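Please read this briefing with the structure open beside you.

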Amino acid sequence: MNLHARISLGACYLFLATPVARSALEAAMSTHMLLQIPLLAAAGVLLARLLPVARQDALLTACGGALPLVVLALFASSYWMLPRALDAALGDPLTEAAKFISLPLLVGLPLALAWRQLTAIGRGFVWTNFISMLAVLGWLYIAAPVRVCNNYLVDEQGSTGWLMVKLALLLFAGWLGTLFVGGNVAPVAVPASSRDDARQANPA
Amino acid sequence: MKAGRAGLVAGGLVALLGFGVFWSATDGFTAFTAETARRAEILRSPRSLPAVALEDQDGRRFSLQDYRGRLLAVEFIYTRCTTICRSLGMAFRQVRERLPAQALGHEVALLSISFDAARDDPASLKAYGQAFGADGAHWRIARIHSPAEVAPLLAAFGVVVIPDGMGGFEHNAAIHLLGRDGKLTQISDIDQPVEFADRIASSL
Amino acid sequence: MANYTYEHTPDRGATAGVLAYLGTACAVLLLMMLVGLLMRLEQAQIIDLGANWFYELMTLHGAGMVGIAGIAGAAVMWHFLRQYVDLSPGIFLANLALFLVGVVMIIGSIVFGHFHAAWTFLYPMPSQSMGMWSQEAAALFMGGLLVIGVGFLLLHLDIARAIVARYGNFARALGWPQLFGHDDGNAPPPTVVASTMVTIVNIVGLVVGASILTMMLLNLYLPEFTIDAMLAKGMIYFFGHVFINATIYMAVIAVYEILPRYTQRPWKANKVFLASWSASTLMVMFIFPHHLLMDFAFPQWMLIMGHIIGYLNTVPILVVTGYGALMIVFRSGIRWDMASRLLFLSLFGWAAGAMPAFIDGTITVNYVMHNTLWVPGHFHTYLLLGMVAMVFGFIYYLGKPGQNAAEGWLDRAAFWGFSSGALGFTLSFLYAGKESVARRYAVHLPEWLPYDRVGSVFAALVVASSLLFVLRFFSRLGAAGRDYARAPLAQGAAA
C-alpha cells in the first residue's frame with residue numbers, strides 16, 4: 001500500500017518534470033506560479049506523509065522543531081515568488097532543476113513535518129500570515145509599474161495578481177469555514193445526557 | 001509553539017541564512033526582476049557580443065564590430081509593431097536630436113535592429129526609418145541576416161522576445177549602449193532618452 | 001421553551017495578567033484623556049498649541065484610545081471566558097508585551113518623528129507628509145500598529161483554539177444547534193457566544209488590517225507600487241471599524257457576567273439572544289461603509305449596504321442586551337453599588353451612542369453631518385459612556401473589598417461627575433456637529449467656540465472623575481486578585 005503510494009508519488013513528480021508538462025504549465029505565469037509551484041510543494045508534503053511516523057519525528061527533532069522548518073519554508077517559497085527567479089527558471093536549466101528540488105524538499109517537506117508539532121495557534125498563525133501575504137503579493141503583481149517577467153506578457157501579471165487575491169479570499173473563507181464544522185464537544189461540565197450525545201454525533 | 005531554545009536558535013539561523021540568500025539573489029534587495037538584474041550586471045561587467053551579419057535598410061551588410069572606436073546606441077524592434085517599438089523609435093529620435101550634431105556618425109551612431117528577420121525586408125526597414133526620421137547613415141535600421149543568428153544575438157544582449165498572442169511580439173525594450181571597445185556597457189529605460197543622450201554627450 | 005435557572009459560579013479574582021492589562025489600560029486611558037482635554041482646550045482657544053501639535057495629539061489620542069479599548073476589552077473577555085475554556089496565559093501576556101512594543105514605536109513616531117496623519121493612517125497621507133514627518137516616522141507608526149495587530153491576532157487564535165477545543169466548533173459555540181433546532185437550554189453561556197463572535201470578526205479584521213499595513217509599508221519605500229486609494233480606505237475602515245466595535249462586544253461580557261450575580265437571575269442565552277449575536281457577527285463586518293456615505297466614488301451598492309446594515313445592526317445586540325439587563329434588574333430588589341451602577345450606565349451610554357450613528361447612517365443626513373463634530377460625538381458616546389463605563393464597572397467590581405462594603409461619598413460623587421461630565425461632553429460634540437457644516441479641511445469657525453468651551457469644562461469633569469476611579473482601582477489591586485464573593489445579595493433574594 002505504502003509502496004504503491006510512493007511509486008505513484010514518484011511517477012507524478014517525474015511527470016511534472018517532463019518537457020511536455022513543464023512547457024504546458026510554464027506557458028502562462030498564472031499556471032507556473034499558482035499550479036506548478038504549489039503542486040511541487042504538495043509533492044513534498046506527500047513525501048513527508050509517506051515517511052514512517054518515527055522517521056518524521058526524528059527528522060523534526062533533528063531540525064530543532066517546528067520553528068526553523070516554518071521559517072525555512074517561508075523563505076524558500078518566497079524565493080520562487082520573485083519575478084527574477086521565475087525568469088531564471090525558464091532560461092536556465094540549472095535554476096529549473098533547483099526549483100524542482102527545492103520546492104518539495106525546502107517548502108513542502110518542512111511544512112508537513114512542522115505541522116505535526118504546531119499547535120492550533122501555530123497553524124492558525126501560519127495560515128493567516130500566508131493568506132495575507134498571498135493577498136499582498138497579488139497586489140504587488142497588480143500594481144507593478146513595469147513588466148516584471150521577460151518571459152511573460154505584461155497583461156498576465158495583472159491577471160495572475162488578481163488570481164492570487166481571489167485565491168487568498170477563497171482560502172480565508174475556507175479556513176474560517178473549517179472552524180464552523182466538525183469537532184467534538186469536550187466531555188466537561190455540560191451535563192451529558194444521551195440526547196445530547198445523539199445531537200453531537202450529527203454535527204450541523 | 002513548543003519550540004525550545006534550540007528551535008529558536010535554529011529558527012534565527014535559518015532566517016539569517018534566508019536573508020543572506022535573498023540579499024545575494026536580489027543584488028542587495030535592489031534587483032527583483034530579471035530586467036533590473038540584467039542592467040546591473042552589464043554595468044558591473046560589460047559584455048562582448050558575437051559577430052553577427054546584419055543587413056541595413058539599403059541592403060548593405062555590416063556587423064556590430066564595424067562600429068569599434070565609436071559609441072553605438074542599439075535598440076531592438078520589429079517594424080509591424082504598433083506599441084512599444086513606436087516609443088522606442090520616438091526615444092531614439094529624441095536621443096539623436098539631443099546629441100551634438102558634429103559627433104553624430106563620427107563618435108557616436110544609432111542602430112535599430114529588427115529581430116523579426118523573416119518578415120522585415122529592407123523595404124519595411126526603410127519605411128520604419130523614414131517614419132521616425134532616421135537618416136540611414138548615422139541612424140540605420142537593420143535586420144539580422146541569417147534567422148539562425150537571431151537567438152544568439154538576443155541572448156548575448158539578454159533580450160527575451162515572446163509572441164504576444166496577437167501576431168506580434170512582446171520584449172524587454174530598452175536602449176543599449178555599446179562602448180568604443182564594442183562591448184555592451186549600459187542599458188537604459190526607454191522613457192529616459194534625454195538622460196541617456198546626456199550621458200553619451202558627457203563621455204564624448 | 002427551555003428552562004433557565006441561575007447557577008452560581010464563585011467569584012474569581014483577576015490573574016496578574018488581567019491586572020497588568022487593566023493597569024496598562026487605566027494608565028494610558030488617563031493620559032489619553034488628558035491629551036483629549038488639551039485638544040478640546042485648543043479648539044476652545046483657551047490654549048494655543050498650533051495645528052501641528054493638535055494633529056500630533058489627535059493621532060496619539062486616537063491610536064492610544066483604540067489600543068487600550070482593545071486591551072481593556074480583552075482583559076474583561078479573558079477574565080470571564082477563562083471560567084469556561086482553557087486559555088493560555090503565555091499568549092495573553094505575549095499580546096500585552098507586543099502591545100507595549102507597538103505603543104513605544106507609535107509614541108516614538110509621533111513625539112520624535114512628528115507623525116500626524118491620524119490613527120486611521122489614510123492612504124496616501126502617511127507617505128505624502130510634505131516634509132512634516134520623515135518616511136521612517138510613518139514606517140514606525142504603521143509598523144507599531146502591525147506589531148499590535150500581530151499580538152491581538154495571536155490572542156484571538158488562542159481563544160479560537162480554546163473555544164474549538166471545548167465546544168467542537170464555532171457553530172456550536174455560537175449556539176446554532178439551539179438557534180436553528182430545539183432550544184434545550186444547553187446553549188453556551190453568553191460569555192462564550194460573545195467571545196466567539198468577537199474572535200471571528202477580529203481575526204477577519206486583523207488579517208485585512210495587516211494586509212493594508214504591509215501594502216502601505218511597501219508603498220512607503222516603493223512608491224511606484226501605488227494602491228487604489230478607495231480600496232485602501234475601504235480596507236482601513238473595515239479593519240478599524242471592526243476592531244473598535246469588537247471592543248464593546250468584549251466589554252459587554254462584564255454586564256452579562258456581573259449583573260446576574262446581583263439579582264441571582266440568569267442571563268438567558270435563548271433563541272433571541274443567539275440570533276442577535278449571530279446576526280451581528282455578519283453585520284459588524286459590513287457596516288463600515290456607513291462612514292463612507294459621502295464618498296460618492298465608492299460603488300453605490302456598498303453605500304446602500306452600509307446604510308441598510310448600519311440601520312439593522314443598531315438593533316439586535318443592543319436591544320437584546322438592554323432588554324436582558326432590564327429583566328435582570330426589574331423588581332429584583334437589586335442593591336446598587338458603584339459596579340452595578342456603572343454597568344447599568346454603560347448600557348444607557350451604548351444605546352445613546354447608537355442613536356447618533358443611526359441618524360448619521362442615513363445617506364441624506366450623512367451628506368451634511370459627516371465630517372463634523374457629530375462623528376466624534378457619536379463614537380465618544382458609545383465608547384466613553386458605554387465601553388469605558390463597562391470597564392470602570394468591571395474594575396470597581398474586582399476591587400470591591402467585600403459583599404457589603406460601604407462606598408464613600410467621593411466615589412458616588414465621581415460616578416455622577418463621570419456620567420454628567422461624559423453626557424455634557426458628548427452632547428457638546430453632537431450639538432456642535434449639528435450646528436456646523438460639513439468640511440473637508442481643518443477649519444474651526446469662531447461661531448463654534450461656545451460648544452468647545454462647554455465641552456472643555458465637561459471633559460475636565462470626566463478626567464477628574466476617571467482619575468478617582470483609577471486611583472481607587474490601583475489602591476485595591478491586592479483585593480482584585482483574590483477569590484471571594486463581591487456582589488451584594490438582592491433584597492429578598494434567596495441566598
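How many Å separate the centres of domain 1 of chain B and domain 2 of chain B? Taken over C-alpha atoms, the two centres are 44 Å apart. This is a predicted model, in which local features need pLDDT of at least 70 and side-chain atom pairs count only at pLDDT 80 or more, while totals for chains, interfaces and linings use all residues. Residues are numbered from 1 along each chain as its sequence is written, and chains are lettered from A and ligands numbered from 1 in the order in which they are written.

**Chains B and C**

- Chain B is divided into domain 1, residues 1–30, and domain 2, residues 44–202, with bounds that come from an automatic or database domain assignment.
- Chain B has six helices and nine strands, whereas chain C has 18 helices and zero strands; helices (H or I, at least four residues) and strands (E, at least two) are DSSP runs, numbered from the N terminus.
- For chain B the radius of gyration is 21 Å, but a compact globule of 204 residues would have one near 17 Å; this radius is taken over C-alpha atoms, and the globule rule is 2.2 Å times the number of residues to the power 0.38.
- For chain C, with 495 residues, the rule gives a radius near 23 Å, and the value of 22 Å agrees with it.
- Along its principal axes, the C-alpha trace spans about 75 × 40 × 30 Å in chain B and about 65 × 50 × 45 Å in chain C.

**Where chain A touches its partners**

- On the one side, 27 residues of chain A are in contact with 29 residues of chain C, where contact means that the C-beta atoms of two residues, placed from the backbone, lie within 7 Å.
- Helix H8 (120–143) and helix H10 (194–200) of chain A each supply at least two residues of this side, and H8(A) gives the most, with 12 residues.
- By class, the side of chain A that touches chain C has 19 nonpolar, six polar and two charged residues; Ala, Val, Leu, Ile, Met, Phe, Trp, Tyr, Cys and Pro count as nonpolar, Asp, Glu, Lys and Arg as charged, and the others, Gly among them, as polar.
- The contact between chains A and B takes 25 residues from chain A and 26 residues from chain B, and H5(A) gives the most to the chain A side, with seven residues.

**How helix H8 of chain A packs**

- Two packed helices are described by the angle between their axes and the distance between the axes; the axes are lines fitted to C-alpha atoms, for helices over the stretch in contact, and angles run from 0 to 180 degrees between N-to-C directions.
- H8(A) packs with helix H4 of chain C (residues 135–167) at about 130 degrees, with the axes 9 Å apart, and the two are therefore oblique to each other.
- H8(A) packs with helix H9 of chain A (residues 154–178) at about 160 degrees, with the axes 7 Å apart, and these two are therefore roughly antiparallel.
- Angles under 35 degrees count as roughly parallel, over 145 as roughly antiparallel, 65 to 115 as roughly perpendicular and the rest as oblique.
- The residues of the contact of H8(A) with H9(A) divide into 16 nonpolar, five polar and no charged.
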